[in-house]
Amino acid sequence: MTKIQISIITVCKNSESTIRDTLNSVSKVLNGNHNVEYIIQDSLSIDSTLEIVKEYSKKINNLRIFSERDTGLYEGMNNAISRCTGKYVLFLNSDDILLNQFNSFLDFTIKNKNIDFYTAPVVFFRRPNYKIKRVFLSYPERCNPIKNLILSYVPAHPGFICDLDLLMKTPFDTNYKGAADYNQLLQITLKSKNKRKNFNKPIIAMAMGGQSNTFRGFKIAMAEMKKINKKFNFKEKLYLRYIRNVLQHIFPLFLNKKLDLVKITKELEDNSKIVSRK
């Protein structure tokens, strides 16, 4: 039996409008790879989400589907983690796209030993044109305030690939409604004993939108993040984080060649064309 190196998790609820995009990218990128398992954790969708997922049951190796009631996104994530068998875990949202560079990253994790978690850049795109609008960069060391406007010590969650045992010991705190992922990231990244390694190419394209981008979602997350920073004595000012988020919209102009953004854009467009023909 092939050993699972990475478990990819997609948590979803009523995601019929986007999940086919996500599933198609997983099917295309993995292309029969037996080193990876894909877990769908559904929260009792009442639309056609599960029917769409089941269409891919023969196209994606090691696809496992679960549908059950939960109290929200973070409990769904915890439930999915408990079912993983891979060495590492990657979260792929139900409107995001897995990129071809994932296969190089998979090889990267196999070659490197005793790493607790990996980080990778994340590109953000906007539907319906699938153009890349923003690039999130993380860095494994603390930076001076100027560099910190460009490089974040705390990675974006889709660019965070963590050892399963470490995640099991550090589950999402479901008391948080908008920043449980940030709380978990700080718990893990701030511990100096946890060995970190950066992969220099994006492996996930994240869709812009969702609850965190609404004013209410932003307000909830901001308030929770202030409390979390205080709890961990993390000194980064939140206004720096949001200045950085604004600056990240100009990064595609400068990182086009380094990150193969033209190639990634075409990959996103091609994936959407395949989906639109279905």
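These are my notebook entries on a predicted model and on what I looked up in it.

**Ground rules.** I number residues from 1 along each chain as its sequence is written. Because the model is predicted, I note that local features need pLDDT of at least 70, that side-chain atom pairs count only at pLDDT 80 or more, that totals for chains, interfaces and linings use all residues, and that side-chain values use heavy atoms, with hydrogens and water left out.

**The sheet.** I looked up the strands (DSSP runs of E, at least two residues, numbered from the N terminus) and found an open sheet of seven, in the order β3-β2-β1-β4-β9-β6-β10, with mixed pairing. The edge strands are β3 (63-67) and β10 (196-198), each of which pairs on one side only, where pairing needs at least two bridges found by DSSP. From one strand to the next the twist averages 20°, an angle that runs from 0 to 180 degrees between N-to-C directions of lines fitted to C-alpha atoms. I then followed β4 (residues 88-91) and β9 (residues 160-163), which pair in the antiparallel sense over two bridges, and I saw that V89 has C162 as its bridge partner in β9.

**Helix α4.** Which residues of helix α4 are buried? In this helix (residues 102-111) they are F102, F105, L106 and T109, with buried meaning under 20% relative accessible area, exposed over 50% and partly exposed in between (1.4 Å probe, protein chains only). They lie on the same side of α4 because they cover an arc of only 105° around the axis. An α-helix has 3.6 residues a turn, so residues three or four places apart point the same way.

In the loop between β7 (122-126) and β8 (131-136) I found P128, which a cis peptide bond with omega of about 10° joins to R127. Y130 is also found in the loop between β7 and β8, and it has a positive phi of about 60° although it is not a glycine. At 11% relative accessibility, Y130 counts as buried. N14, in the loop between β1 (6-12) and α1 (19-30), has a positive phi of about 50° and is not a glycine either. At 36% relative accessibility, N14 counts as partly exposed.

Terms used:
Helix = DSSP H or I, 4+ residues; strand = E, 2+ residues; numbered from the N terminus. Arc of directions from axis to C-beta.
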